[in-house]
Amino acid sequence: MKSFDAIVIGAGQAGPSLAARMVDKGMKVALIERKFLGGTCVNAGCMPTKTLVASARAAHVARNGAAYGVNIPGEIAVDMKVVRARAETVTMNARNGLIGWLGGMDGMSVIYGHARFESPKTVSVNGETLTAPRIFLNVGARPVIPELPGINDIDYLTSTSIIHVDRLPRHLAVIGGSYIGLEFAQMYRRFGAEVSVIEHGPKLASREDEDISDVIAEILRSEGIGVHTDADKIAFASNGSGVSVTAGSATIDASHVLIATGRKPNTDDLGLDVAGVATDKRGFITVDDRLATNVEGIWALGDCNGHGAFTHTSYNDFEIAAANLLDGDDRKVSSRIPAYALYIDPPLGRVGMTEKQARESGRRIMVSTRPMSRVGRANERGETKGFMKVIADAETKQILGAAILGIEGDEVIHGLIDAMNAGTTYPALQWSVPIHPTVSELIPTLLGDLKPV
């Protein structure tokens, strides 16, 4: 049996950084990964998908060049093999960077294999038993495949497998109108495919306020994407050219089907029951505010603990664990203000509460909105779809939440993220002097228009 000071299972965003911090403190650490270093973000998530989004935007800009006085003769063609290769290059550069970084550390043992608990202090991997007083789980999540009629009789894509597609689908049917599905829908429409989004619920991006969801649907429809909401009785059947997808009263003749209906944690094959680690009914590992499980000496970080499904929340889990265990700090998950982005074009940047959540909290709130058509920089760029929205507490003057659906929304939102994390009130932020011409310069104006609702 090999002994370590700590064992980290899973090399997503939290695992390698935490392992490196512990090695830097002089600890002997085993980092176990069953497939690729970097987890979902590097290999099947943020990095390859946002690289694909960039290729799709390049095609979109080229097609619309004439509106800017840039004439490109002939039809704009997309070479899907080059598109795929570019995404793979970005992924491999990041993955190889991790291999070099972690491999160069004294005290770090990177082990490729599937780990299972043998007891609360021991795991087996590749037929070998390892033990440590501290074990950290960072095992990520994978796509959920819903039990829908006919789904087992067709070939379908997931958010992982679609990244490796190097041919343009004739018609892509996207099952699921949430963040992952919407990004692929617009991306493939811009590559040149016919695209239909099929959502069981009444709205796309259903976590958002209805006005945000409605504009997201308008943006996608304006590019020729078919949007089918309230789609019940979704079913599949193979036909001569692909797949017939039934959604309510509609039938879609698709060449390819992408299943994008959510993700579930990779916790069902770790032997958690052997160690006594508790999970909730969806399989997420139960943790306290400091990311500790119910078993002393075992922590869970990243997507597998159900406290955020983003790279930045996983990395923040590392920061919390490292601060508490190595720096004598007292950091808590509950202190984190939720923030994220939806990478359609234009993107949605979000932080804090939605208006609906703020109303349901019982506070007296103030709300301000501003269309991107009244933002100078958006007009100069010829990209005026979307709007800004901010919600504030009428009594404390604290900013409760914001949404920037529009050009550079994923960047502009950070002015509000920073203000909320610093506890800056909206009257104080209103006196900032932003740079002109930018989209961010309208934030003080947006705050100045806050009205009680």
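Helices (H or I, at least four residues) and strands (E, at least two) are DSSP runs, numbered from the N terminus. The structure is a predicted model, in which local features need pLDDT of at least 70, side-chain atom pairs count only at pLDDT 80 or more, and totals for chains, interfaces and linings use all residues. Residue numbers start from 1 along each chain as its sequence is written, and side-chain values use heavy atoms, with hydrogens and water left out.

**View A. Lys397 in the loop between β22 and β23.** Lys397 sits between β22 (387-393) and β23 (399-405), in the loop. Its phi is positive, about 70 degrees, although Lys397 is not a glycine. With a relative accessible area of 31%, Lys397 is partly exposed; buried means under 20%, exposed over 50%, and partly exposed lies in between (1.4 Å probe, protein chains only).

**View B. Ala205 in the loop between β11 and α6.** The loop that holds Ala205 runs between β11 (194-198) and α6 (210-222). Ala205 is a residue other than glycine with a positive phi, near 45 degrees. Its relative accessibility is 0%, so Ala205 counts as buried.

**View C. The cis peptide bond between Asp345 and Pro346.** Asp345 and Pro346 are joined by a cis peptide bond with omega of about 5 degrees. Pro346 belongs to the loop between β19 (339-342) and β20 (348-352).

**View D. The cis peptide bond from His436 to Pro437.** Here the peptide bond from His436 to Pro437 is cis, and omega is near -5 degrees. The loop containing Pro437 lies between α12 (426-429) and α13 (443-448).

**View E. An open sheet of 4 strands.** The strand order is β12-β11-β10-β16, and the pairing is parallel. β12 (226-228) and β16 (256-259) are at the edges with a single partner strand each, so one side of each has no neighbour in the sheet. On average, neighbouring strands of this sheet are turned by 15 degrees against each other, direction ignored. Two strands pair if DSSP finds at least two bridges between them; β11 and β12 pair in the parallel sense over 3 bridges. Ser196 has Gly226 in β12 as its bridge partner.

**View F. Helix α5 across strands of the sheet.** α5 (residues 179-191) lies across β10 (171-175), β11 and β16, where contact means heavy atoms within 4.5 Å. Helix α5 runs at about 165 degrees to β11. Axes are lines fitted to C-alpha atoms, for helices over the stretch in contact, and angles run from 0 to 180 degrees between N-to-C directions.
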